[in-house]
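Take a look at the chain below.

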Amino acid sequence: MEKILVLCGGSSNEREISLQSGEAVYQALLDLNFNVEKFDPAKNDISYLKNFRKVFICLHGADGEDGKIQDYLEKNNIAFNGSRAKASKLAMDKFLTKQKWDENGIKNPNYMLLNKDIIFEEVRKKIGLPFVVKPSNSGSSIGISIVRKEEDFIVSRDQALEIDAISFAEEFIEGREFTLSIIGNEELEIIEIKPIGGFYDYHAKYVSDDTQFICPADIEEKLSHKAKAICKDAFKALGCEDWGRVDFMIKESTKEIYIIEINTIPGMTSHSLLPMASMNNGNSFKETVMKIYQLIK
């Protein structure tokens, strides 16, 4: 089999998750009899990538989803999995993503930019309570917090701004949380996410075994079809392609669907949702890796 390089690690705040994803994909490709190597760009010269014709990206966050590595691979004519550089950069930036969705009529929670001078009352008047504070360029829920009272606001705002100078407050949607994974033209089963603490943060995603994942999600068929169509529109609006995961909420009171964010390099760990959804569609982890590999271009 031809040589393939698995990119994982990096220096983002999602490094540990990326290493876990990379190891899982690396072992699957070994089992599939590929001539495969792992590569950590935080510890090695990136020019080594030029020795390979194909790369399987398992870098999360700023190292793998912000378009920089995709731009390098494109310029060196190296094939890789997932969205191209321009779409990756856009999807990684939550604020620009929301603006793009607004342009395309895709419903997402109301929001406003933050800075050090904005006070709690300004946000409360525009967004209401509670609201969510997010750094624009961060993944795995790092730096995201829910603000329910004034005393929480300054800490949450400053924490987000420390991670990214572009941070924003977003309307908190009271309802159920879901995710839709996409591989090629295949929409996998919707998963409902039920964190015990009510917030799907870093701990709930990667550490806790108490978070409940219901796959397939228990929602009526008509609503499921509608959600899948909106998720796919949100994915395409950013120019994303091949594989990814779209997170969304269904508001309890109105059953409206709100798109939250897109992951262009979804996790491939034991806690990750895309492999879980793919398994529910009848694919083993190795078969899932192979499906993604076959999309490399």
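A residue counts as buried when its relative accessible area is under 20%. This is a predicted model. By that cut-off, 55% of the 297 residues of the chain are buried.

Now take the chain as a whole. It is built with 10 helices and 14 strands. Its radius of gyration is 19 Å, and the globule rule gives 19 Å for 297 residues, so the chain is as compact as a globular protein of that length. Along the principal axes, the C-alpha atoms fill a box of roughly 60 × 45 × 35 Å.

Next, ask which residues touch.

The accessible surface of the chain is about 13200 Å². Carbon and sulfur atoms account for 48% of that surface. Charges come next. The chain carries 38 positive and 47 negative side chains. The centres of these two sets lie 4 Å apart.

Finally, zoom in on helix α3, residues 85-92. Why is helix α3 described as largely enclosed by the rest of the structure? Six of its eight residues are buried, so the rest of the structure largely encloses this helix. The buried residues are A85, A87, S88, L90, A91 and M92. What covers them? The cover includes two helices, α2 (68-75) and α4 (94-103). Strand β14 (257-263) is also part of the cover.

Key:
Residues numbered from 1 in each chain as written. Predicted model: local features only at pLDDT ≥ 70, side-chain atom pairs only at ≥ 80, totals over all residues. Heavy atoms only, no water. Helix = DSSP H or I, 4+ residues; strand = E, 2+ residues; numbered from the N terminus. Rg over C-alpha atoms; globule rule 2.2 N^0.38 Å. Buried < 20%, exposed > 50% of the residue type's maximum accessible area, 1.4 Å probe, protein only. Areas by Shrake-Rupley, 256 points an atom, 1.4 Å probe, with all protein chains shown as cover. Lys, Arg positive; Asp, Glu negative; His and termini not counted. Charge placed at Lys NZ, Arg CZ, Asp CG, Glu CD. Contact = heavy atoms within 4.5 Å.
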